[in-house]
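Please read this short report beside the sequence and the 3D view.

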Amino acid sequence: MAVQLPLDIKWNESASLERFIAGANAESANWVAAAAEGRNQGPALFLHGPPATGKSHLLQGACKRAAANGTPAAYLPLCQLGGYGAALFEGFEQAGLVAVDDVDVLEVDDGMQHGLFHFFNRAVESGCSLLFAARQPPAQLDLKLADLRSRLSWGVVIALQQPDEQTCLLILRQRASIRGLDLPPATARYLIRRLPRSIAILLDVFDDLDRASLAQGRRLTVPFVRGYLNQQGLLGESAPGTAS
């Protein structure tokens, strides 16, 4: 059973619940897995947190887990689907699991607020499991439709935490392993301590380093990484508490 995707959306093929390195978000990951497997408690699960805390990864991973178990699943990233308006949600209550990402987009789209509100009611009636993600919890979303804010708060609301240094280290080494690269622990720690504490930035820089090392035939040693960061103007002081 395939995951249902609207046309022309970006989808992380490597996102899965098995590959999610939870760190401090282990309980959140367990809640998502329960929803994906039909073991959720309540009508919905709402994840919130700053960028690069794994919200999209978890929602996409949940859809994959559900589909692998034979449950029709749909992933709806609202930041990519604003042009559909309220009609976007029509019919998806027939799926077994629907994951709605980027709920913040609704703050500037009254039509989609009404569309999601009516979809939520239909989904609860049909027994469809719902996952939501946004930067803010439902109570802090600037929604004109107060009834929608209330609906989004019906289920479990969970805050995702920024990854600590050890979690960042594991994520970087996982990315290297997937690509068949040798990333020494000292090099990984050097990257984490010289870049902002943001997985998105770390992985973007790592991907650039991968290409640069391949082009130059160099290993990902600390001297090579230091030289690259300095050349790109990215070299800074250790900033273990910096977030992006």
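A crossing of two helices is left-handed if the near helix is turned anticlockwise from the far one by less than a right angle, and right-handed if clockwise. Helices (H or I, at least four residues) and strands (E, at least two) are DSSP runs, numbered from the N terminus. The crossing of α5 and α6 is right-handed.

This is a predicted model, in which local features need pLDDT of at least 70, side-chain atom pairs count only at pLDDT 80 or more, and totals for chains, interfaces and linings use all residues. Residues are numbered from 1 along each chain as its sequence is written, and side-chain values use heavy atoms, with hydrogens and water left out.

**The helix pair**

Two packed helices are described by the angle between their axes and the distance between the axes. Axes are lines fitted to C-alpha atoms, for helices over the stretch in contact, and angles run from 0 to 180 degrees between N-to-C directions. Helix α5 spans residues 165-178 and helix α6 residues 185-194. They pack at about 125 degrees, with axes 10 Å apart. That makes α5 oblique to α6 (under 35 degrees is roughly parallel, over 145 roughly antiparallel, 65 to 115 roughly perpendicular, the rest oblique).

Contact means heavy atoms within 4.5 Å. From α5, Glu165, Cys168, Leu169, Leu172 and Arg173 meet Pro185, Ala188, Arg189, Leu191, Ile192 and Arg193 of α6.

**Confidence**

pLDDT is the predictor's confidence in each residue, from 0 to 100. The protein averages 89, and 93% of the residues score at least 70. Residues 237-244 fall below 50, yet this stretch has 16 contacts in the model beyond near neighbours in sequence. Where pLDDT is low, the predicted coordinates should not be read in detail.

**Single residues**

Buried means under 20% relative accessible area, exposed over 50%, partly exposed in between (1.4 Å probe, protein chains only).

| Residue | Relative accessible area | Class |
|---|---|---|
| His48 | 14% | buried |
| Glu93 | 11% | buried |
| Ala52 | 26% | partly exposed |
| Asp102 | 18% | buried |

His48 sits in strand β2 (residues 44-48). Leaving out residues up to four places away in sequence, His48 touches Lys55, Ala134 and Val157, among others.

Glu93 is in the loop between β3 (73-77) and β4 (97-101). Glu93 and Pro72 are 21 residues apart in sequence, and their C-alpha atoms are 10 Å apart.

Ala52 lies in the loop between β2 and α2 (55-68). Its phi is positive, about 65 degrees, although Ala52 is not a glycine. Asp102 lies in the loop between β4 and α3 (110-126). Asp102, also not a glycine, has a positive phi near 60 degrees.
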